[in-house]
Amino acid sequence: MSGSIKRGAFIVIEGLDRSGKSSQAAKLLVRLQNANIPVKLLKFPDRTTAIGKTIDSYLRSESDLDDRAIHLLFSANRWELASSIEESLRSGTTILCDRYAFSGIAFSAAKGLPYEWCRSPDISLPAPDVTLFLDIPPEEARERGGYGQERYEKEEMQKKVRAMFQRLGKETDGRGQQRWVTIDAGKSMDTVAEDIWRHVKLFMKGVDGPVERLWEADAAPLNTPP
Ligand code: Z5A
Ligand code: MG
C-alpha cells in the first residue's frame, strides 16, 4: 500500500551449540546496519528478565527443575517479548534473533518429552520470515574448543537435537511465507557470513503482509467438540 511503512523482516538464526550463531548474528547485524536497515538484535534465552534469571541458573546447574517446568519457562521467556517483537516489525524494524522457538522444541524433545507437547506453548508466537539453520556435525562443532560446562553441551544430546531441528525444518519451510534455509556452518566464518547474506538479501525483498504466527493452523479451533 502506498504511503504505509514497509514492515521489518523477522530473521532467526538457529543451530547446534558452537555452530557459530552468535558470531554470525553479530556479523549480519553490522551488514544490515551498513545497508541502512533499521534492525534490533535479540537472543533467547534472554537471561536478563526474572524468568531468564531462573533459566540461567538452571542452565548453569545451580538449580534443578522438572523438564516440563523448564520447557514452559523457555517459552514464557519468548512470550515476554512477543508483543514488542510484533510492534518493532510493524514499525519497520527488522528483528534478528539468536535462537527462538525451534531451539525450545528441539532441546526438550531430544530429552524425551513428546514433540507435540513441546510445540504447544509456542503456537501463535510471531513466526520468523526466514530461519537460517546453521548445520554442523556435532563432532566438528566439538573441535571448536570443546563443548562448554552447561547442561545439554554433550555430543550425544547434540546429535538428537540436530535430528529434531531437521524435522522442524521440513515442517516449517513453505508454511505460509515462512522459509527455513540450511547453511553449511562447517565452512570458514567469512564464507558462512557470505552464504547468509546472499539468502537474507533475497528474502528481505519478498517480506510483506501481516506477521504470521507459528503453527497456528495446527491448533484446534476454540469450541471444537472433543
Ligand atoms: N535452549 C533450550 O533448551 N530451550 C530454548 O527454548 C532455548 C535454548 C532458546 C543456551 O543457549 C542453551 O539453552 C542451549 C540451548 C538451550 N544449550 N545448549 N547447548 P545459548 O544460545 O545461550 O548458548 P549456546 O548454544 O551455548 O551458544 P554458543 O555456545 O554461544 O554457540 P554459538 O553462538 O552457536 O557459537 P559462537 O559463540 O558464535 O562460536 C563458538 C566458537 O566457535 C567460538 O570460539 C567461535 O570463534 C568459533 N567459530 C564460530 N564459527 C566458526 C567457523 N565458521 N569456523 C571456525 N570457528 C568458528
Ligand atoms: Mg551463542
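**Figure 1. Lining of the largest cavity in the predicted model.** The largest cavity is lined by Ala9, Ile11, Asp129, Val130, Val200, Phe203, Met204 and Val207. A cavity is a set of points, on a 1 Å grid over the protein atoms alone, where a 1.4 Å probe fits but cannot get out, and lining residues have an atom within 4 Å of a point. The structure holds one cavity of 30 Å³ or more, and the space in the largest cavity is about 30 Å³; such a volume is the space filled by probe spheres set on the points, which are joined across faces, edges and corners. Helix α8 (residues 189-206) contributes the most to this lining, with three residues; helices (H or I, at least four residues) and strands (E, at least two) are DSSP runs, numbered from the N terminus. By class, the lining has seven nonpolar, no polar and one charged residues, where Ala, Val, Leu, Ile, Met, Phe, Trp, Tyr, Cys and Pro count as nonpolar, Asp, Glu, Lys and Arg as charged, and the others, Gly among them, as polar. This is a predicted model, in which local features need pLDDT of at least 70 and side-chain atom pairs count only at pLDDT 80 or more, while totals for chains, interfaces and linings use all residues. Residues are numbered from 1 along each chain as its sequence is written, chains are lettered from A and ligands numbered from 1 in the order in which they are written, and side-chain values use heavy atoms, with hydrogens and water left out.

**Figure 2. The largest pocket.** A pocket is an open set of grid points with protein on both sides within 12 Å along at least five of seven lines. The volume of the largest pocket is about 550 Å³. Its lining comprises 28 residues, of which Asp17, Lys21, Lys43, Arg47 and Arg99 are the closest to its centre. Helices α1, α3 and α4 each supply at least two residues of this lining, which divides into eight nonpolar, eight polar and 12 charged residues.

**Figure 3. Polar contacts of ligand 1.** A polar contact is a pair of N or O atoms within 3.5 Å. An N or O atom in the side chain of arginine 18 is 2.4 Å from an oxygen atom of ligand 1. For serine 23, a polar side-chain atom lies 2.4 Å from an oxygen atom of the ligand, whereas for serine 19 a polar backbone atom is 3.3 Å from a ligand oxygen atom. Ligand 1 taken alone exposes 1100 Å², of which the protein buries 81%; these areas come from the Shrake-Rupley method with a 1.4 Å probe.

Figure 4. Most residues other than glycine have a negative phi, and most peptide bonds are trans. Phenylalanine 44 and proline 45 are joined by a cis peptide bond, with omega about -5°. Proline 45 belongs to the loop between β2 (39-43) and α2 (50-59). Arginine 99, although not a glycine, has a positive phi of about 75°, and its place is in the loop between β3 (94-98) and α4.

Note on methods: Polar contact = N/O pair within 3.5 Å; in protein donor to acceptor, adjacent residues only side chain to side chain.
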